[in-house]
Amino acid sequence: MSLNMFVQHFINALGLGALYGLIAIGYTMVYGILRLINFAHGDIFMLGAYFVFFATIQFKLPWGIGVAIAIAGATLCGLLVDRIAYRPLRSAPRISALISAIGVSFFLENLSVVVFTGMPRAVVQPPWLMHPILIKSPSFGEIRLIPLGLMVPVISFLIVGGLLWIVHRTKPGLAMRSISYDIETTRLMGVSVDRIIALTFALGSALAALAGIMWALRYPRVEPFMGIFPGFKAFIAAVFGGIGSIPGAMIGGLALGFVEIMSIAFFPRLSGYKDAFAFVLLIVILLVKPTGLMGERLEEKI
Amino acid sequence: MLDIQNLNIWYRGIHAVKGIDVSIDKGEIVTLIGANGAGKSSTIRAIAGLVRGFKGYIGYSRSQGKPVRLNGRQPEEMVKMGIALSPEGRRILPQLTAEENLRLGAYTRDDKEEIARDIDYVYDLFPRLKERRSQKGGTLSGGEQQMLAVGRALMSRPDLLMLDEPSLGLAPMLVGEVFDIIREINRQGKTILLVEQNAFAALKIAHKAYVLEVGTITIQGTGEELLQDPRVKDAYLGG
């Protein structure tokens with residue numbers, strides 16, 4: 001493979017990996033606090049994509065406003081999912097909340113089929129994001145980049161930096177870290193645990209929505225089941241990176257993005273197995289290091 | 001300040017506390033002593049809001065005002081009302097640094113400068129914590145963790161400080177040190193409710209004491225009286 005092709009694939013992998021990472025963060029944060037796999041998370045991603053589609057293409061709003069509406073709408077949905085499906089089950093056995101999560105996921109997918117119809121819809125990308133930039137250099141050869149390809153990883157990394165700042169430098173972040181170790185003691189410190197959990201869902205959902213929006217720009221269509229596979233893969237990324245760890249989720253997402261893109265780049269005949277690589281990666285990490293790359297401890301994983 | 005009447009608590013189907021009355025006046029150190037499973041922890045946890053579905057009356061008045069009924073309130077509300085609990089087994093958050101543990105204790109407060117001052121105050125009380133301030137809680141020794149747990153409870157500026165078994169698992173010398181500091185905190189104006197199995201150490205500093213046996217108060221009096229009481233001597237002070 002020529003160097004310029006490699007750079008092309010590298011940037012592509014960076015973008016895909018960053019999106020997996022953004023979604024994975026929502027899984028890992030909720031799991032870190034509640035020991036719950038929020039199966040509805042992939043569907044919040046899908047809703048984010050739909051909301052931006054309706055705002056910008058149906059209602060012709062500018063992209064900036066559309067993105068804000070989509071993130072706000074999906075965040076609200078994430079909060080409702082927690083309030084309705086998970087909070088009543090806080091003191092129930094963990095398996096009940098897990099089943100509730102699966103139920104919510106099916107509900108959101110099928111509700112979307114009813115409301116949005118099952119037909120995939122095309123997303124019209126803003127032209128300035130797609131306008132190719134040619135970079136020529138004697139050592140590289142020619143590289144074609146579109147602004148979107150660079151924007152996705154840059155925004156993702158900035159957001160993750162901001163999130164790490166919230167978790168490690170602010171009071172609600174301190175409460176989040178504390179809840180993930182010991183809920184009862186955290187309450188004794190005067191923390192309203194339900195409010196911090198809601199904040200966690202809000203942050204996770206906003207990130208999923210953002211990922212959904214960027215996904216819809218990269219692969220320009222939306223449909224009700226579009227969240228399932230990215231959701232699964234992001235969950236694998238979270239496990240790979242060490243579930244509960246935010247940097248781990250990003251690293252896991254990037255690793256997955258690179259495995260997927262590079263294996264097809266180097267072995268084009270394997271492209272039919274694209275979706276299988278994630279699961280192979282999952283099996284390998286569970287065999288070799290079940291806590292994931294950055295995971296510190298292993299509690300019941302389902 | 002705190003008035004408990006006819007408190008009944010059921011814990012995992014067992015009638016753990018059977019109609020006890022306890023009263024705490026402002027400025028006192030009051031101790032509940034008794035063996036494991038006597039109902040001491042259940043009582044203190046009920047006051048802190050961690051136990052659901054108990055019967056009886058728990059009334060609390062912060063200053064001169066009318067007492068408020070505490071039954072059925074959430075633990076986080078209690079903290080705002082000026083009641084802090086340093087729980088049994090210390091419950092330090094192992095992955096947070098010592099200082100983050102203290103900051104968490106001040107969670108209900110927003111007065112940054114005063115919080116910084118209180119952190120310094122805790123470091124004055126427990127100089128060893130200052131050396132360990134940026135170390136993870138889980139790496140501290142048992143004694144240091146206990147000091148951190150007491151300091152953390154102080155960070156909410158409570159009127160009533162409740163300590164559940166602060167001597168648990170500490171070397172005898174450290175027990176003395178911790179109890180000296182508890183007495184010092186009391187002298188500075190905090191009311192203290194102390195639950196202890198180490199009856200001797202607790203009675204020595206307590207103004208008022210209750211002996212709990214299988215959920216009932218069997219003996220009560222001043223700390224001095226109970227130290228001299230032959231029944232207490234026999235059962236709890238090793239004859």
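Author: Welcome! Let's start with a helix in chain B of this predicted model. In α1(B), the buried residues are K40(B), S41(B), S42(B), T43(B), I44(B), A46(B), I47(B) and A48(B).

Reader: Thanks! How many of the residues of α1(B) are buried, then?

Author: Eight of the nine, so α1(B) is mostly covered, with buried meaning under 20% relative accessible area.

Reader: Let's turn to the interface. How large an area is buried between chain B and chain A?

Author: The general idea first: the size of an interface is often given as the accessible area lost when the parts come together. Here, about 2,100 Å² is buried between chain B and chain A, and carbon and sulfur atoms give 59% of that area. Chain B brings 25 residues to the contact, and chain A brings 20 residues.

Reader: How many salt bridges cross between chain B and chain A?

Author: The rule finds six salt bridges across this interface. In one salt bridge, the side chain of R91(B) meets that of E184(A), at 3.5 Å from N to O. As for polar contacts, 10 residue pairs are counted between chain B and chain A, with both residues at pLDDT 80 or more.

Reader: Which elements of chain B give two or more residues to the side that touches chain A?

Author: Those are α1 (40–48), α2 (75–80) and α3 (98–105) of chain B. By type, the residues on that side of chain B are 12 nonpolar, nine charged and four polar.

Reader: Is R90(B) buried or exposed?

Author: R90(B) counts as buried, because its relative accessibility is 15% and the cut-off is under 20%.

Reader: Where does E165(B) lie?

Author: E165(B) sits in the loop between β7 (160–164) and α7 (172–187) of chain B. Its phi is positive too, near 55°, in a residue other than glycine. At 3% relative accessibility, E165(B) also counts as buried.

Technical notes:
Residues numbered from 1 in each chain as written. Chains lettered and ligands numbered in written order. Predicted model: local features only at pLDDT ≥ 70, side-chain atom pairs only at ≥ 80, totals over all residues. Heavy atoms only, no water. Contact = heavy atoms within 4.5 Å. Buried area = accessible area lost by both parts, 1.4 Å probe. Salt bridge = Lys/Arg side-chain N within 4 Å of Asp/Glu carboxyl O. Polar contact = N/O pair within 3.5 Å; in protein donor to acceptor, adjacent residues only side chain to side chain. Helix = DSSP H or I, 4+ residues; strand = E, 2+ residues; numbered from the N terminus. Nonpolar A, V, L, I, M, F, W, Y, C, P; charged D, E, K, R; others polar. Buried < 20%, exposed > 50% of the residue type's maximum accessible area, 1.4 Å probe, protein only.
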